[in-house]
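Let's take a friendly walk through this structure, one topic at a time. Have the sequence and the 3D view open as you read.

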Amino acid sequence: MSGLPISRRGLLAGSALLLASTALPAIGRAQTPKKGGRLIVAADSEPRNLNPAIVASNGVFFISSKVVETLAEASFDGKDGLQPRLALSWEGSADGRSVTFKLRDGVKWHDGKPFTSADVAFSALQVWKPLQNLGRTVFKDLEAVDTPDKLTAVFKFAKPTPFQLIRNALPALSSVVPKHVYEMGKIEDNPANNAPVGTGPFKFAEYKAGQYYRLARNDAYWDKDEPYLDEIVYQVLPDRTSAAAALEAEEIQLAAFSAVPLADLDRISKVPGLKVITKGYEGLTYQLVVEINHRRKELADLKVRQAIAHAIDKDFVVKTIFLGYAATATGPVPKNDPQFYTADVPIYPFDVAKANELLDEAGYKRADDGKRFALKLLPAPYFNETKQFGDYLRQALAVIGIDAQIVNNDSAAHMKAVYTDHAFDLAVGPPVFRGDPAISTTILVQSGIPDGVPFSNQGGYKNADLDALIAKASETLDTSARTGLYKEFQKMVAADLPLINVAEWSFISVARDTVGNIANNPRWAVSNWADTFLAG
Amino acid sequence: MTRALTLLRRRLVGSVFVLLIVVIGSFLLLEAAPGDAVDAYIVSTGGDAGMIELLRHRWGLDQSELTRLANYLWALLHLDLGQSVTFSRPIRDVILERLPSTLILMGSATALSFGLGSALGIYAGARPGSFRDRFLSIGSLALYAVPGFWLGLVLIVVFAVDLRWLPIGGIETVASAKTGVARARDIAAHLVLPVSALGFIYLALYLRMMRAGMAEAWRQDFVLAARARGLPRRRIVLAHVARNALLPLVTMLGLQSAQMLGGSVVIESVFAVPGLGRLAQEAVAGRDTPLLLGIILVSAVLVIVINLLVDLAYAFLDPRVGAGEAVA
């Protein structure tokens with residue numbers, strides 16, 4: 001199966017697909033997998049640490065997920081949206097204090113040593129819990145991992161921990177690294193962080209800084225038929241325009257993570273031999289969010305926040321900034337999430353008159369020059385779209401008499417200004433939804449987070465009821481009760497607007513026709529590519 | 001020979017001070033930029049407060065600016081450039097790995113712009129005011145006005161994407177395992193486009209300078225004398241007019257080397273050349289102060305060495321220069 005070629009006519013279909021339930025199988029002409037070949041892929045950055053057990057981020061996974069495997073991977077049609085990898089099954093106890101993993105037999109590390117439950121215990125306790133960016137939160141109550149035999153690992157939690165959360169965390173947070181490689185010396189300084197050793201279908205072969213990474217086929221992979229490819233080469237192409245040119249010149253065969261800018265997709269979709277694929281990122285949804293500094297007296301007023309929400313034309317943003325490759329948002333959980341999303345929340349249709357009315361009611365009348373008050377607006381520089389939305393927001397606010405001054409910073413400076421110094425009134429941010437609100441979403445609105453923590457509530461927002469709801473959900477074990485609480489959470493956030501969710505988007509892949517089995521799971525770009533092949 | 005040695009000695013003493021000022025100045029400037037290496041890193045990963053504190057401590061960013069500057073200078077005294085936080089490797093290794101690409105790119109581009117620029121300048125300046133003079137002057141100015149990245153992109157679209165004569169980027173074919181002559185040819189093919197993009201832009205400078213110098217020289221008495229002696233025009237152009245116009249170009253060459261380093265940042269990004277310019281950009285984005293200082297130091301040394309060579313060449317071309325120093 002191959003992906004879905006997109007034309008201009010197909011734009012709407014494309015965005016609908018992005019939203020459609022995750023169970024849609026890929027459409028396209030069938031190809032029979034073929035062995036061999038080198039797949040050359042564009043890479044736009046070079047992560048400084050390639051250990052996915054320490055740095056659970058898409059930039060690292062893009063390369064390392066082919067080398068280091070997780071306990072389970074996301075799936076379009078598997079139970080609970082998962083398919084087995086290193087673990088064959090997972091079972092949570094009723095009291096929420098333990099989770100039992102049955103592990104795959106006959107798996108070997110790339111250096112030939114056998115993979116056992118000791119590796120899982122080591123990874124969980126020594127790496128995920130103390131060192132991993134996301135694991136430090138999700139596994140904070142992990143107390144011990146019992147290993148009754150070589151193929152069983154039992155996670156023991158000090159406090160009841162929802163099994164649903166652990167399950168949802170498996171695809172991104174459970175990369176297993178070899179104990180025998182990491183047990184000597186400091187884990188952070190281990191050379192394997194830059195040349196990872198795993199159990200995956202590909203071995204880490206070579207890295208030339210500024211040029212390329214090369215992964216080579218693991219002949220001893222546990223799935224005897226896979227991988228199909230002999231090699232994967234990531235060619236470092238730092239310039240945003242070069243990925244498209246390299247695809248056209250047939251120097252590379254795949255550009256993932258929207259390495260080809262949205263504005264080029266229409267043209268490139270017409271190039272013979274290339275296909276544009278919008279699937280395969282359903283599990284990696286980014287959210288376009290207006291972050292609000294509630295320390296500003298005007299913004300502490302709910303009416304003002306509602307007015308801002310009404311002033312934003314979300315459809316326009318999706319059509320003009322994202323060229324249709326996105327969806328409008330209603331709240332803090334994206335529409336394409338199969339477990340938690342609810343549409344039953346207060347909504348803020350685009351309505352300038354209403355916005356003006358609300359501002360008048362709040363007591364911020366227009367001065368003689370037509371302006372009510374001025375704000376400092378900091379768009380995050382990480383994506384073209386966040387910057388463009390900043391420009392749009394400035395114009396939208398001008399219409400309702402709010403004079404927003406844009407402050408442009410580079411990544412590090414933006415980080416410091418917004419999340420440490422709080423030197424902003426409004427900011428545009430792209431938080432990521434990671435399959436469960438407790439992983440990285442509730443933190444966006446929860447109070448009591450220390451200064452300097454990125455992608456968290458640094459706007460000084462405090463709502464005791466919302467805090468209580470988040471706390472309750474974090475210890476609710478029953479899956480449906482927990483899901484219900486997060487639906488309630490979405491309602492409260494949409495009602496009180498600690499931040500404004502504008503749109504949800506994900507990435508686009510462009511590949512040559514010859515690349516097969518693309519986008520066959522919701523985290524395809526960061527999955528192991530064992531079944532990816534090159535035809536003809 | 002003594003003249004050269006005296007020059008060398010004086011330059012070295014001066015250079016140490018220049019380098020010291022460059023290092024301290026750059027350090028303070030980079031410190032003044034908002035955000036540090038941990039801020040830059042955490043953008044791509046996220047993380048909680050404890051992790052951020054841990055990283056600041058591990059990367060030594062919890063020390064005061066003064067302590068870090070003192071530590072850096074002390075290490076520098078022992079010829080140790082320190083450890084890069086973005087690469088978790090010794091800075092010396094990181095820079096040495098990138099230096100050849102930049103040197104070969106800069107060297108070829110300088111040779112192209114200087115060689116072709118002065119040759120065309122002689123051609124234009126041989127008959128100032130003629131059609132070919134005007135055509136070349138305007139043409140080269142147009143090239144000079146073109147932004148480097150744009151010229152690079154146009155070259156890519158035409159020669160790499162449409163015609164497919166040349167590779168679109170990189171310094172060599174990735175993971176090709178080529179060696180010897182095959183590898184050299186591969187690298188040469190990869191260099192054609194970036195060298196052209198970088199070289200053509202600066203070509204105008206040399207062309208205009210050569211042409212202006214020659215137009216000036218034509219009016220000098222010695223040219224009149226040469227003509228009166230009945231020398232062939234060709235000889236007058238090359239040996240008398242052009243030679244006299246050449247000196248300022250050599251000065252320009254020295255000045256240009258520094259600019260070329262700056263221009264290569266853009267060209268290296270567009271053509272994905274793993275060089276120092278791109279490394280510098282990454283160092284700034286990642287707030288990797290020691291790495292950036294290392295790059296600046298190496299670049300400064302490079303510029304100083306080139307200018308020293310230029311001075312020596314100058315002394316060679318014009319015996320009047322440095323005559324005083326030789327006596328002293």
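## Buried residues of helix α3 in chain A

In this predicted model, α3(A) has these buried residues: S117(A), D119(A), V120(A), F122(A), S123(A), A124(A), V127(A) and W128(A). Their packing partners in chain A are the strands β5 (98-103), β6 (142-149) and β7 (152-157), together with the helices α4 (135-138), α5 (163-173) and α6 (179-182).

## Length and kink of the helix

How far apart are the end C-alpha atoms of helix α3 of chain A? They are 20 Å apart, and this agrees with the 21 Å that 15 residues (117-131) should span at 1.5 Å a residue. If you follow the helix along, look for a kink of about 35° centred on A124(A), which is also one of the buried residues.

## Where chains A and B touch

Now for the contact between the chains: chain B contributes 43 residues and chain A contributes 42. On the chain B side, at least two residues come from each of α2 (37-45), α3 (49-58), α5 (91-125), α7 (148-162), α10 and α11 (276-285). Of these, α2(B) gives the most, with six residues. By residue type, the chain B side divides into 23 nonpolar, 11 polar and nine charged.

## A residue of helix α10 in chain B

A239(B) sits in helix α10 of chain B, which covers residues 233-270.

Methods
Residues are numbered from 1 along each chain as its sequence is written. Chains are lettered from A and ligands numbered from 1 in the order in which they are written. This is a predicted model: local features need pLDDT of at least 70, side-chain atom pairs count only at pLDDT 80 or more; totals for chains, interfaces and linings use all residues. Helices (H or I, at least four residues) and strands (E, at least two) are DSSP runs, numbered from the N terminus. The expected span of a helix is 1.5 Å times one less than its number of residues. The bend at a residue is the angle between axes fitted to the seven residues ending there and the seven starting there. A residue is buried if 20 or more other C-beta atoms lie within 10 Å of its own, exposed if 12 or fewer, and partly exposed in between; C-beta atoms are placed from the backbone. Two residues are in contact if their C-beta atoms, placed from the backbone, lie within 7 Å. Ala, Val, Leu, Ile, Met, Phe, Trp, Tyr, Cys and Pro count as nonpolar, Asp, Glu, Lys and Arg as charged, and the others, Gly among them, as polar.
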